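I opened this entry to look up helix packing and aromatic contacts. My notes follow the order of the look-ups.

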Amino acid sequence: MSVTPNHPADLSRRTLLRRAAAVGLLVTPAAGLLSACAGSEPSRPDDSGAAKSKDNPFGVQDGSAVKVVIFNGGLGDQWAKEDQAIFAAKHAGVTVNMSSTQKVKTEEQPKMATQPSDLVMNSGADMMDVSTLVNEGAIEPLDDLLTAPAWDSEGTVADTLLPGTVVDGTFQGKFYVVNVAYTVWGNWYNAALFSREGWTPPTTFDEFFALAPKIKAKGIAPYVHDAVHGYYPRWALMATIWKSAGKQAVIDIDNLKENAWRAEGILPALEVWEKLVKDKLLLPGNLNHTQSQQAWLDGKAAFIQVGTWLKNEMAATIPPGFEMKLSDYWGLGATDKAPKDVFAGAGEGLVVPSKAPNKAAAKEFLRAVLSKAGSAKFAELTKSLASTKGSGDAVQDTALASANELMRNAPADLIKTKFWDFYADLDKESQNASAELMAGRLTAAQFVDRMQKAADKVAKDSSITKQTRA
């Protein structure tokens, strides 16, 4: 997932698939994540710890062990194994027990109240809901990580991070989630195909609708998307809403402002997607994320919208001569209030459970992950940017270069939606509504009505902890 400036992402899929977690929610909300079980208090290292220093700011003890769980999705897990080696160079006396999974919630949530792992990458379709983890005190605030010395550069850890990384991991005024990947989302196309055909990648929906007949004439569907997971199309919908209606409109949505979904510019942003569906510009079929990505690689569709994890996830099946390039999400044109804003930000979150036996080592491992050496390996292996500045500077790759180019021209404001992190029920409803719109079973006007009703329900529910963004 991955790329650069100023705020978000997210990401996301695993922000990106990350945010899908809310669909499942937590399986025991009544009992609570931290309901104590008799005799369940985990054993902990000696409270005195080791002597603290610049190279050991958390006092990690030799002879201790730290359990690290990595989500093995589109970015793989080899990057984390590289971090394990970086960590060992400073802490040879600490044992790192690392495992990988795609079932984060299934495997890790039941342990949160007893003896959890020390560091968990909470991502993928089976992720734990972050807002619930925060509200129930199930994960540790990590503000002290931000103020700790950087692993292999001057300044603090916070000084090394790309814009938006801290914001993306902050809830209720505290930093809880270390998002290690920096993702850029947009519309991907095969530059080699476009060059052969003399097609110019569109920048607006009008340009796309004008190009679409030429694409169809070649027996290619103009667009393909994941029709199984609702958070995939939602990224594109919210990006178009931001471009059309502007930043404040999305902030108002996130803050549950009355009638926020009815702001000027939102309905037109959804109507262009309704038109795309009605004009039969989508590749038919109920394809999931990897199936839709493969269909695009197979030349069955001209555009697909996902994040910069795409190349790494599909590396084994990219055809020879296929030139992946990323273009910005399309806007509506002259009426757009934020036409240049790019959807990018930090994702793939790592959290430290509050009852982790070795929190000091978990935080120290995070320092290694965010190091210059670790982030450079991340970019090299995943062809995505890490959340640490400069991670992709030495990587030669067309796909990553196009994302970097997009970010170099991006303004200070980056597209960022927070309601799906704040409210699990609203997140679930937005995914369902997005899937219905893209399936042609919901009009743009009905989408607005449905989301406003869902937002009103959350706003009026006094049992739900409310969160705001600036």
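Before the helices, I noted how axes are drawn: they are lines fitted to C-alpha atoms, for helices over the stretch in contact, and angles run from 0 to 180 degrees between N-to-C directions. The model is a predicted one.

**Entry 1: a helix pair.** I took helix α9, residues 231-245, against α10. Their axes lie 6 Å apart and the packing angle is about 125°.

**Entry 2: aromatic pairs.** I described a pair of aromatic rings by the distance of the centres and the angle of the planes. How many aromatic pairs does the count give? I got 30. One of them joins Tyr231 and Tyr232, with ring centres 5.2 Å apart. Their planes stand at 40°, so I logged the pair as tilted. Are these two buried or exposed? The cut-off for buried is under 20% relative accessible area. Tyr231 has 1% relative accessibility, so Tyr231 is buried. Tyr232 also comes out buried, at 1%.

**Entry 3: a pair across the sequence.** Next I checked Trp261 and Phe419, an edge-to-face aromatic pair. I read 5.9 Å centre to centre and 75° between the planes. Trp261 sits in the loop between α10 (247-254) and α11 (266-278). Phe419 belongs to helix α17, residues 419-422. The pair therefore ties together parts that are 158 residues apart in sequence. Trp261 counts as buried at 2% relative accessibility, and Phe419 counts as buried at 0%.

**Entry 4: a cluster and charges over rings.** I found one aromatic cluster formed by Tyr189, Phe194, Trp199, Phe205, Phe208, Phe209, Tyr223, Trp273, Phe303 and Trp330. I then looked at Phe209 for a charge: the charged end of Lys275 sits over its ring, 4.9 Å from the centre. For Phe171 I noted Lys418 over the face, at 5.0 Å from the ring centre.

**Entry 5: Leu414.** Where does Leu414 lie? I placed Leu414 in strand β14, residues 414-415. Leu414 has 0% relative accessibility and counts as buried. Along the chain, Leu414 and Lys340 are 74 residues apart. I read 9.0 Å between their C-alpha atoms.

Notes. Residues are numbered from 1 along each chain as its sequence is written. This is a predicted model: local features need pLDDT of at least 70, side-chain atom pairs count only at pLDDT 80 or more; totals for chains, interfaces and linings use all residues. Side-chain values use heavy atoms; hydrogens and water are left out. Rings of Phe, Tyr and Trp (its six-membered ring) pair if their centres lie within 6.5 Å; planes under 30 degrees apart count as stacked, over 60 as edge-to-face and the rest as tilted. Buried means under 20% relative accessible area, exposed over 50%, partly exposed in between (1.4 Å probe, protein chains only). Helices (H or I, at least four residues) and strands (E, at least two) are DSSP runs, numbered from the N terminus. A charge sits over a ring if NZ of Lys or CZ of Arg is within 6 Å of the ring centre and within 35 degrees of the ring normal.
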